[in-house]
Amino acid sequence: MTEPQPQSGPDAKTVTVDFKIALEDGTIGMSAVVPEGQCTITDLLPVLQSLDMSLLSSVEEQIGEAGLKVSCKAGCGACCRQMVPLSLFEAESLAAWIGTLPEAVRQTLAGRFHAALRKLADAGIIDRLTKERWFAREDSAWTLPMDYFHAGVPCPFLIDESCSIHPIRPLVCREYLVTSDPIHCAAPETLQIAPVPVPLHLAHILDRMGAELEPGTQGWIPLVFLFAWMESGAHPGKSYSGTGPEVLHEFVSRAKYGEHPKKPDEKEAAS
Ligand code: SF4
């Protein structure tokens with residue numbers, strides 16, 4: 001498969017935005033280079049990926065000081081059998097990337113998604129995913145993801161136990177890191193997995209934005225539904241559009257402990 005690259009925004013002119021986000025136990029200062037002109041939240045994904053990686057490397061440094069080490073590495077794809085919650089905006093971005101692939105490659109990928117869906121259907125998971133409001137009930141919110149995992153269906157993007165879209169993989173995949181023995185990742189029900197505590201999940205912010213667009217849903221789709229979702233031709237990112245600083249403000253304002261970057265007009269009013 002063609003190695004994907006992070007996509008650049010639609011506007012060559014950029015502007016640097018400095019902002020702070022209040023976390024549970026402190027404040028983190030961040031800086032993002034965003035398009036000066038019009039863009040959507042989907043266009044901003046490369047920026048969010050870069051912010052996420054910088055957050056996660058500081059988390060890794062902190063746990064290193066405590067003598068811990070992330071045990072995730074290429075070639076270990078145990079966690080890639082989980083149901084991956086893919087934000088609507090990342091679905092849109094992946095759909096655009098898939099649209100650039102040569103037809104034969106796209107067909108191969110479509111076949112991988114189809115095979116995964118068939119296996120999940122045989123295990124009765126698809127019916128439960130589509131017919132129940134499973135995420136709204138405490139029992140099924142736990143058992144359905146567990147049953148999905150035990151169906152043993154790898155993510156269609158997993159090739160030779162490595163992520164074939166690593167540079168553009170979803171935020172939720174980036175934010176799932178563990179320090180425990182990888183053997184435990186194959187048996188999550190034993191509760192032996194030690195996830196790295198991430199102070200701010202940027203993936204959750206995208207989910208919140210998706211849920212605002214589709215009230216009554218969790219704001220994401222299971223990644224395995226991507227090709228089916230693409231049939232809708234939806235462009236959810238358009239609902240969050242504006243200049244780069246404005247769209248970044250929309251995103252950061254939904255951080256759980258958010259201290260927001262000022263909107264450009266607020267800056268002007270303040271100066
Ligand atoms: S997108 Fe990549 S990292 Fe995420 S579950 Fe699929 S193969 Fe794993």
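This is a predicted model: local features need pLDDT of at least 70, side-chain atom pairs count only at pLDDT 80 or more; totals for chains, interfaces and linings use all residues.
Residues are numbered from 1 along each chain as its sequence is written, and side-chain values use heavy atoms, with hydrogens and water left out.

I begin with the protein chain as a whole. The chain contains 10 helices and eight strands; these are DSSP runs numbered from the N terminus, with helices (H or I) of at least four residues and strands (E) of at least two. Of its 271 residues, 42% are buried. Here buried means under 20% relative accessible area, exposed means over 50%, and partly exposed lies in between, with a 1.4 Å probe and protein chains only. The chain exposes about 13,800 Å², and carbon and sulfur atoms supply 53% of that area. These areas come from the Shrake-Rupley method with a 1.4 Å probe, and for residues only the protein chains shown count as cover. Among contacts between residues at least 6 apart in sequence, 72% join residues at least 24 apart, a contact being heavy atoms within 4.5 Å.

Now to the aromatic residues. A pair of aromatic rings is described by the distance of the centres and the angle of the planes. Rings of Phe, Tyr and Trp (its six-membered ring) pair if their centres lie within 6.5 Å; planes under 30 degrees apart count as stacked, over 60 as edge-to-face, and the rest as tilted. The structure holds six such pairs. One of them joins phenylalanine 89 and tyrosine 240, edge-to-face, at 5.8 Å centre to centre with 75° between the planes. Phenylalanine 89 belongs to helix H2 (residues 88-99) and tyrosine 240 to the loop between helix H8 (226-230) and strand S8 (241-243), so this pair ties together parts that are 151 residues apart in sequence. Both phenylalanine 89 and tyrosine 240 are buried.

The ring centres of phenylalanine 113 and phenylalanine 227 are 4.9 Å apart and their planes stand at 45°, so the pair is tilted. Because phenylalanine 113 lies in helix H3 (residues 103-122) and phenylalanine 227 in helix H8, the pair ties together parts that are 114 residues apart in sequence. Phenylalanine 113 and phenylalanine 227 are both buried.

Let us turn to the ligand. Which residues surround the ligand? They are Cys80, Val84, Cys155, Phe157, Leu158, Cys163, Ile165, Pro170 and Cys173, where a residue is near a molecule or strand if one of its heavy atoms lies within 4 Å of it. This shell divides into nine nonpolar residues, no polar and no charged. In this scheme Ala, Val, Leu, Ile, Met, Phe, Trp, Tyr, Cys and Pro count as nonpolar, Asp, Glu, Lys and Arg as charged, and the others, Gly among them, as polar. Cysteine 80 is partly exposed at 22% relative accessible area, and cysteine 163 is partly exposed at 27%. A search of the whole structure finds zero disulfides, a disulfide being a pair of cysteine sulfur atoms within 2.5 Å.

Glutamine 82 sits in the loop between helix H1 (45-65) and strand S4 (85-87). Its relative accessibility is 29%, so it counts as partly exposed. Leaving aside residues up to four places away in sequence, glutamine 82 touches Tyr148, Phe149 and Tyr176. Its C-alpha atom is separated by 8.4 Å from that of glycine 152, 70 residues apart along the chain.

Two backbone angles deserve mention. Most residues other than glycine have a negative phi, and most peptide bonds are trans. Glutamate 161, however, has a positive phi near 60°. Glutamate 161 occupies the loop between strand S5 (158-159) and strand S6 (162-163) and is partly exposed at 30% relative accessibility. Leucine 191 likewise has a positive phi, of about 60°. Leucine 191 is in the loop between helix H6 (171-174) and helix H7 (202-213); at 64% relative accessibility, it counts as exposed.

Lysine 13 lies in the segment before strand S1 (14-23) and is exposed, at 57% relative accessibility. Not counting residues up to four places away in sequence, lysine 13 touches Val34, Pro35, Glu36 and Gly37.
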